[in-house]
Each structure stands twice: as C-alpha cells, then as structure tokens.
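The report that follows is a residue-level reading, arranged by theme, of the structure shown here.

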Amino acid sequence: YLLAASVLSFVLPLSYNIAQTRLRNIVSTGHARDGVNSNERSPIQKMQSTRTSSDLSSSSQRQSKRTSLILKAAEETAIMGKMFDTMGSTSKAVAMNRDILTLFKAEGDDFSWEAGLTLSEINSLGPKSLEVVVKTLTGSSKLWGSIFLSNPDNEEACRMRIKCCVDALDIFDIAPAKEQLSDRSVIFPCYSAMNFIAKSVPYVPPNNMSHGDFEMTMAENFVKETHYQQYHQCRALAFQADVMRRYGKYEDTLSVIDEMKSIYDPQLHSRVLVKEYVSDHCTEIVAASTFWLHHYGRNDEALRLCDQVIYTMLPEIEATELVTKLTILIPICRTLANQRETSTAEKALELFKTHVSDPAARAGGKAHPAMGLCVPIIIILKCCSSGGGAYADLNTDVAYMLNRNDPDWFESTYLTYFDAAWSTMCAEACLCLAKITGCISHDESHVLIKEGLKCLEESANTLEKEDGTIVNSMARSYYSQILSELENLSAPV
C-alpha cells in the first residue's frame, strides 16, 4: 500500500503537468465549435462566404479535426480529475474541470467560475461539446459541495456549488445544439442535484424568479426531458412530487405519485436509480406519501401502501444504504405507530431496528451523521410497543431526551424530509416517556412534560414565519396535536 501510494504521489503530479501542457497547446488552436454556428456573421465571415467549395471543405475538415482534439483532451483531463478526486485532492480536481471548460472559451480567454460562458460561446457548442460542458459543470458542483462539506464556513464553495448547477441548467436550456441530442440524460443528474440543493441550503434563484416558480419550472422541465426514458421519467416525477410537497400541494403530489407508480418497477429501476442518482428517490417519495394519506383520513390506503413499500420496494435497497432506508422507514413507522395498536407498533419497531438503528449502532463512529435522526422515532416505537409499561432501557431513553445536544441542522432537515419539525418529534418522545414514567415517578414525568413543552416552543418558531405565514401545514397540525396532549397530561387531575 505504501509503495503504491508513493508511486501515485509521483505519477499524479507528473500526469497533471503533462495534461496541462496538452491543454495549453490545444486551447491555442481555438475552442470547440463543432456543428452549431451563431446566427450573427462578422464582416470577415461575410468575406469568407465567397470562398470556393474546396476551401469550405478544407475548412470544415480542419474544424472537425480541431474539435476532435479538444474533445479528446477534455476526456483525458476528466480522467485525471477523477484520479485527483479519488486521491482526496478535490481542489486539483476542480482546477482540472476549469481547464476543461477553458477549452470552450473564445481563443485567449480562460474560464472563470463567476463569468461562465458567454451567449456566443454557448451558441457555438455542438452536441458533443454541450454534453461535455454540462457534465463538467455538474461534476464541478459536486466537487464544490465536497469542499463545502469539509468546511461549512467556506461560503464561496457553497455559492459555487449552486452556481455550477444553475449554469448547467441554463446552458442546456438555451444551447441550440440541444435540439440535436436524441439522448438528453446528461442533464438529468443536474436536475436531481439542484433539487437536493434546494432542500438543504439557502440559494438565490436566477432571473429574479421566486423559489416556488423556479423549482416548479425546473420540475416540469425535468419531466418533459425524460419522456420515453422510463427510469429517468420515474426520477423526474419523484422530483416533481417532492417540489409540490414542499409547497404544500399534497393532493397534487399524490396524483403525480400515482402516475409515477404506474411506470415504476422496483426490481427493474431501484438499483439503477441509486447508481445514477445516489438514492432511490421514487421509493422515498412513495414511503413519504403513506403518512400524507393517513393524515388526510385515507388510512386503509396508507396501510396498503406501507405493505407495498415494505415487501416490494425496501428489499431492493442495499443493506449499506442506511440513509435511504432511514428516509423510507421514518414515514412508514410514523404511520404504523399512529394506528395505536401494540402489534402494529411492534412490527414497525422490529422493521426499523433491523434495517436502520441496529446497523447504524454496529457502524459506530463510521455511521452517517444523519443516523442521529433515529432516536425520537425509536423511543416512540418502544413506548407504543410496551403497552404502556416500562421497558428494558427506559431510563437510558429518559436520560437522552433530558440531556440532548442536537445539531442545528436536524430541525430543518426533519421538516424538509418528513413534514415534521425535529423538535416536535422530540416533544412526542417526551410525551410518550412521560405517560410511562407517570406510573413510576411523578417528578420524572413532570420534568419530561416540561422538556416536551420546551421543544414545542422551538417548533412554534420553526413552523411560523415572522409575518404569521405557516411554513408547513402538515407539520403544524402535528405540532398542535402534541401540544394539546402535553397540556392535557400536565393539567392537574
């Protein structure tokens, strides 16, 4: 291993320098204009139009050769970039991508992340060049995201992560060469990445659009682009449903999910979706809809859909994909726990332990930070499964709820993915524990009730903006339910 690392430490910088030299040589010959010309013609171009057909043929051949060289250089440089990324040299991988994009700038100009490509440069891109540019910008967004995750104070990395995605979508939308592409799947990962960004970090939509208009339009465009490509179409519909859900259009969301389910085949599509889009967003959105159906009084449908997810979709998710399983099972388990039946809660608890919490515990410090989101739902399921009596590790769970130190991002993440504030889930866990401990220790029960009400104060701030607008109606309804139960439990008998 040490010998291999030593060799790579020598080979990679050497290869990088060779690639840089090749790039400079190719850039000096001009940029890739391989099939689509600007509508505007300069005086020189008008003079060139008088050339003989032989001259034009010769010029076309030179252009084709130059384009081939540029695309070859871009391919080789992309391989080098991946090698640097694999070795952990993310900044060098970003630099390699910048060099690739420089190939498509006007002669003598270097690519700038801020300025991007000009309209004339975008119009000059041929179909193959367009694919390279879009793929490189999408990959750059991921690299900037890695830099940001390693240092959350790096605001530039966060901004560039977003800008690369927005630029890729904008270039693909306006480039004339797009019409020559029969397969448009190169842009699909960018739509998916932008949806994740929209859910996880603040951003400014382009062209003075509102967040809602930008995300709805993006979702509609994704669906249009994926027609006749089945698993991509499934992902696009899941994306559209997710955007609608974030803006409170749950009934419309359920209709889109029904359309998606009519073409989604877990055995055929699930693993290829994970490979292409990191996670099976289709199963995730179907699982999320079980709780919405329950919320709207369609409980029988919700339970049938729970079984469908558990027995036909969940088995297709690899055992190592714990975050995906967490995202799938939290709404399922919330739906089952709300049936207020001990046997149903036991089923949910066993399911969650088998697929999420036990594997996460075995992984220890190597588990994804999101595994911390397991705790309240596990406590709620234990309480519902106990039939109202004490269970083995009751004291441990009480101690956890009274001494929590949760990351700030838990609150917004839970709301975004599960239509409930994290603080409200913690309040329900306190409520469940208080009901059990009330039969054992009135003082401990009182402290848990007080902690639950404190959690709900945070929920109130999360779920209502300063102008009184409700952020999420379903989460607000859940908050009101837990608040009422806690107040009733705290009232003197």
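Predicted model: local features only at pLDDT ≥ 70, side-chain atom pairs only at ≥ 80, totals over all residues.

Thr-324 belongs to helix 15, which covers residues 322–337, and its side chain makes a polar contact with the side chain of Ser-279 at 2.9 Å. When neighbours within four places in sequence are set aside, the residues in contact with Thr-324 are Ser-279, Asp-280, Glu-284 and Ile-317.

## Overall composition

The protein is built with 22 helices and zero strands, and of its 493 residues 49% count as buried. Among the contacts with a separation of 6 or more, 70% are accounted for by residues 24 or more positions apart.

In soluble globular proteins, nonpolar side chains tend to be buried together. The largest nonpolar core here has 150 residues, and Met-194 and Phe-352 are the ones that touch the most other members. With residues up to four places away in sequence not counted, Met-194 touches Ile-162, Cys-165, Val-166, Leu-169, Tyr-203, Phe-214 and Met-218.

## Packing of helix 10 against helix 12

Helix 10 (residues 230–246) packs with helix 12 (residues 266–277) at an angle of about 70°, and the two axes lie 10 Å apart. Because of that angle, helix 10 is roughly perpendicular to helix 12. Helix 10 contributes Gln-230, Tyr-231, His-232, Cys-234 and Arg-235 to the contact, while helix 12 contributes Leu-268, His-269, Val-272, Leu-273, Glu-276 and Tyr-277. Sorted by class, the contact of helix 10 with helix 12 comprises six nonpolar, three polar and two charged residues.

Ser-385 lies in helix 17, which covers residues 375–385, and with a relative accessible area of 13% Ser-385 is buried. A polar atom of the Ser-385 side chain lies 2.7 Å from the backbone oxygen of Leu-381. Beyond the neighbours within four places in sequence, Ser-385 is in contact with Thr-342, Ala-345, Glu-346 and Leu-349.

## Loop residues

Most residues other than glycine have a negative phi. Which value does phi take at Asn-207? Phi of Asn-207 is near 55°, which is positive although the residue is not a glycine. Asn-207 sits in the loop between helix 8 (188–200) and helix 9 (211–225), and at 66% relative accessibility Asn-207 counts as exposed. Val-278, which is likewise not a glycine, has a positive phi of about 75°; Val-278 is found in the loop between helix 12 and helix 13 (281–295), and its relative accessibility of 62% makes it count as exposed.

Pro-315 is placed in the loop between helix 14 (299–313) and helix 15, and at 46% relative accessibility Pro-315 counts as partly exposed. Although Pro-315 and Ser-270 are 45 residues apart in sequence, their C-alpha atoms are 10.0 Å apart in space. Leaving out residues up to four places away in sequence, Pro-315 touches Arg-271, Val-309 and Ile-310.

Technical notes
Residues numbered from 1 in each chain as written. Heavy atoms only, no water. Helix = DSSP H or I, 4+ residues; strand = E, 2+ residues; numbered from the N terminus. Buried < 20%, exposed > 50% of the residue type's maximum accessible area, 1.4 Å probe, protein only. Polar contact = N/O pair within 3.5 Å; in protein donor to acceptor, adjacent residues only side chain to side chain. Contact = heavy atoms within 4.5 Å. Core = buried A, V, L, I, M, F, W, Y, C linked by side-chain atoms within 4.5 Å. Axes fitted to C-alpha atoms, helices over the stretch in contact; angles between N-to-C directions. Parallel < 35°, antiparallel > 145°, perpendicular 65-115°, else oblique. Nonpolar A, V, L, I, M, F, W, Y, C, P; charged D, E, K, R; others polar.
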